[in-house]
Amino acid sequence: MSFGLCGRLFIAVLLNVVVVGARPLVRHIRSANEFDRLIAKHATVTGLPVIADFYSDGCGPCRMMAPIFKKLAKEKLDNAVFVKIDTNQVHQLSSRYGVRSIPTFIFFHDGKKVTEFSGAGEAQLRQLTDQVIRQAEYENVKITPESLLDYYKEKDGSKTAEAVQSIHDKCVQKMKGAKVDTDECVGAAARKLAKSLKKKYGSSPELTSRFAEEDRKSSSSETESNKGKNTKEKSSTRKQGGNADKPNLHLATKEELEKELEKRLEAEMEAQINEEEDDDAEFEHGWSPGDFPERITIIGGGPAGMAAAIYAARSGLTPVVVAPPMGGQLQGKGVDVENYPGMINVTGPAVVATMREQASAFGAVFEAELVEKIDASSRPFKVITNSSVIETHAIIVSTGAESNWLDIPGEYEMRGGGVSSCATCDGHFFRDTDVVVVGGGDTAMEEALVLARTSKSVTVIHRRDSFRASKILAQRVTDHPSISIEWNTTVTEVLGDSTPEGDKKMVTGLVLTDVNTKATRKISCNALFVAIGHTPITSFLQSIDGIEFDEMHPGYLKTIGDSTKTSVPGIFAAGDVADSIYRQAITSAGSGAAAALDAERWLSEEGLGNEAAEFEAELLRELMEDSSFARGESENDVYNAYADDSISARGYKESMGSDL
């Protein structure tokens with residue numbers, strides 16, 4: 001059969017579409033269809049569980065969890081499949097699975113959701129990952145009709161072949177009821193059947209692996225050794241007139257060609273996605289341990305930490321910045337940063353990204369980890385993270401502050417179900433709904449303005465009769481047609497109902513209390529955003545002997561005089577950890593620069609220079625001396641061009657002087 005030019009083009013394309021690839025470390029999902037195909041594939045081909053990270057680029061906790069998620073994916077490479085889903089790009093999936101807070105991690109096995117959790121909890125992520133992997137391994141079994149027939153022949157000879165087949169078919173039907181497309185007795189149903197038979201007869205039928213080990217590996221199923229063999233086999237098959245497993249293209253109909261072309265192009269697209277560079281490269285650890293202690297380590301990645309890094313790097317100190325790449329409070333700003341000089345129409349995340357880029361350009365290196373504690377019992381200090389230990393002579397603490405919560409009934413229970421502290425992260429999940437913001441400062445005003453872009457209505461609840469926010473922000477909120485204000489009111493309880501699946505509760509309303517009359521009432525809403533201030537992140541410093549905190553403002557570090565020095569020599573404080581009054585991005589950046597200058601002076605006073613360079617210079621000097629000694633030369637025997645008074649030497653020295 002001939003199709004002319006069209007048919008020949010189909011055949012040419014089909015012959016040139018070749019796909020060989022390995023599973024990526026973390027796959028970025030582009031569409032709901034792509035995700036559905038991936039879930040179906042691993043439910044029927046590999047049996048591996050799928051862990052999905054629902055995230056957004058503007059979400060600070062998401063950026064904090066990204067390197068942890070990638071690290072876990074590397075550790076569990078052959079045991080699970082890890083994917084990332086941008087809730088802004090693939091909103092169909094976040095809507096389908098009821099994602100109302102990010103990051104949210106959902107765990108799938110056998111084509112269905114097993115469990116989920118929301119928040120930046122590494123321990124919980126690891127625990128649930130191990131749990132779903134164990135479940136997948138436990139259910140990687142099957143009972144074949146043949147093994148079941150042999151079992152009954154041994155245990156109960158009265159069972160006919162038809163009766164045994166009927167038992168096997170019931171097991172198959174249970175799996176189909178669990179939305180697993182199979183004609184085998186597999187997984188949980190097979191385990192259950194084996195357990196019931198063991199209870200009845202004392203032993204169970206033979207259980208074999210449902211999925212072969214090579215199918216579960218992340219590497220390509222076609223190994224290098226097999227490629228040559230397969231090529232020979234294909235060549236032989238072509239000589240013999242075709243492949244029994246695939247349609248002969250010259251005999252296929254146009255519809256068959258179109259179907260085959262679509263199939264191969266889809267496979268080619270998947271392979272291309274797999275080979276794409278992972279865009280989490282920014283989260284890779286730039287720091288690696290050396291032979292000498294670091295001169296300065298900066299803890300924190302907000303404006304204070306970045307300013308300190310830029311100043312220290314320009315001074316040649318090669319600072320190590322230890323912080324998840326989330327950028328502190330500024331990273332969560334969804335509105336433009338208007339009160340930072342030189343920044344026009346720029347959001348918080350963009351400011352942080354520019355700062356990081358500038359610090360990197362001058363030589364700062366980054367360790368994307370959380371600091372657990374500091375060992376100051378000996379010198380040099382030891383900065384202990386969840387995966388590394390950094391020895392350093394000086395430390396700048398610029399960890400900023402974390403959000404405060406109301407601590408009322410229902411608040412903790414419904415985090416991830418409508419209770420949030422980040423409108424930029426979670427606001428888009430509540431498009432065209434009624435939402436509430438609690439607070440009266442700049443943060444609350446910014447949250448309300450962000451939510452007003454997409455929400456049906458925004459209610460700001462404040463316990464006083466006026467805002468303490470800046471006048472311009474407060475005026476914008478007051479004048480906004482979609483924002484209403486409840487003065488002299490507090491939230492005393494969060495109300496909610498369970499989802500149809502029963503796996504979590506979602507916010508349905510609030511209980512409000514009048515500050516003056518103490519009267520209570522209920523209002524309906526779909527989300528509560530808490531913006532009532534922050535607490536300095538300094539708890540990891542409390543184990544340091546001699547470290548002093550501000551007695552008037554608990555949690556804030558006490559500094560000496562007008563400097564950034566703390567009570568422990570070599571430890572400096574910058575930004576919100578030591579500023580209980582201003583707490584602005586611009587003042588944090590200024591104190592970060594001051595801390596770098598103070599640390600540089602302290603290092604000079606202590607005689608702590610570049611030990612690596614000094615060691616190399618000393619080693620080179622010793623090598624030069626050893627070389628001269630080996631040749632039997634004394635100091636007087638070594639030729640010195642500047643001491644040579646010959647004509648040629650004078651000419652060389654004169655020409656050298658004119659060049660200089």
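**Reading the labels in this structure**

User: What makes Asp407 count as exposed?
Analyst: Its relative accessible area is 68%. The label "exposed" needs over 50%, so Asp407 qualifies. Keep in mind that this is a predicted model.

User: Where does Asp407 sit, and what is its phi?
Analyst: Asp407 belongs to the loop between β15 (401-403) and β16 (419-420). Its phi is near 55°, a positive value in a residue other than glycine.

User: Why is Asn488 called partly exposed?
Analyst: Here the relative accessible area is 22%. Buried would be under 20% and exposed over 50%, so Asn488 lands in between. Asn488 also has a positive phi, about 50°, although it is not a glycine. You'll find Asn488 in the loop between β19 (483-486) and β20 (489-498).

User: What does Gly427 touch, and where is it?
Analyst: Gly427 lies in the loop between α15 (423-426) and β17 (434-438). Not counting residues up to four places away in sequence, Gly427 touches Cys422, Leu451, Thr454 and Phe529.

User: Which parts does the pair tie together?
Analyst: Cys171 is in helix α7 (residues 161-177) and Cys185 is in strand β7 (residues 185-186), so the link joins parts that are 14 residues apart in sequence. Both Cys171 and Cys185 are buried.

User: What makes one face of α6 the buried one?
Analyst: In helix α6 (residues 145-155), the buried residues are Ser147, Leu148, Tyr151 and Tyr152. Looking down the axis of α6, these buried residues fall within an arc of 135°, so they line one face. An α-helix has 3.6 residues a turn, so residues three or four places apart point the same way. On the other side of α6, Glu146, Lys153 and Glu154 are exposed.

User: Why is α3 described as largely enclosed?
Analyst: Twelve of its 16 residues are buried, so the rest of the structure largely encloses α3. Among the buried ones are Gly60, Met64, Phe69 and Leu72, and Arg63 and Lys70 are on the list as well.

User: How does the span of α3 compare with what is expected, and where does the helix bend?
Analyst: Helix α3 (residues 60-75) reaches 24 Å from its first C-alpha to its last, which is close to the 22 Å expected at 1.5 Å a residue. There is a bend of about 30° at Ala66, and a proline, Pro67, follows within four residues.

User: Which residues touch the most other members of the largest nonpolar core?
Analyst: Phe35 and Leu93 do, out of 47 residues in that core. Helix α16 (residues 442-452) gives the most to this core, with seven residues. Leaving aside neighbours within four places in sequence, Phe35 is in contact with Ile29, Ala52, Val83, Ile85, Leu93, Arg96, Tyr97 and Phe108. A second, separate core has 30 residues, including Ala308, Leu317, Tyr340 and Phe366. In soluble globular proteins, nonpolar side chains tend to be buried together.

User: What makes the peptide bond from Ile102 to Pro103 cis?
Analyst: Its omega is near 0°. Pro103 is in the loop between α4 (91-96) and β4 (104-109). Arg379 and Pro380 are also joined by a cis peptide bond, with omega about 0°. Pro380 is found in the loop between β12 (371-375) and β13 (381-385).

User: How many helices and strands does the protein have?
Analyst: The secondary structure comes to 20 helices and 25 strands.

Methods:
Residues numbered from 1 in each chain as written. Predicted model: local features only at pLDDT ≥ 70, side-chain atom pairs only at ≥ 80, totals over all residues. Heavy atoms only, no water. Helix = DSSP H or I, 4+ residues; strand = E, 2+ residues; numbered from the N terminus. Buried < 20%, exposed > 50% of the residue type's maximum accessible area, 1.4 Å probe, protein only. Core = buried A, V, L, I, M, F, W, Y, C linked by side-chain atoms within 4.5 Å. Contact = heavy atoms within 4.5 Å. Arc of directions from axis to C-beta. Expected span 1.5 Å × (residues − 1). Bend = angle between axes of the 7 residues up to and from the residue.
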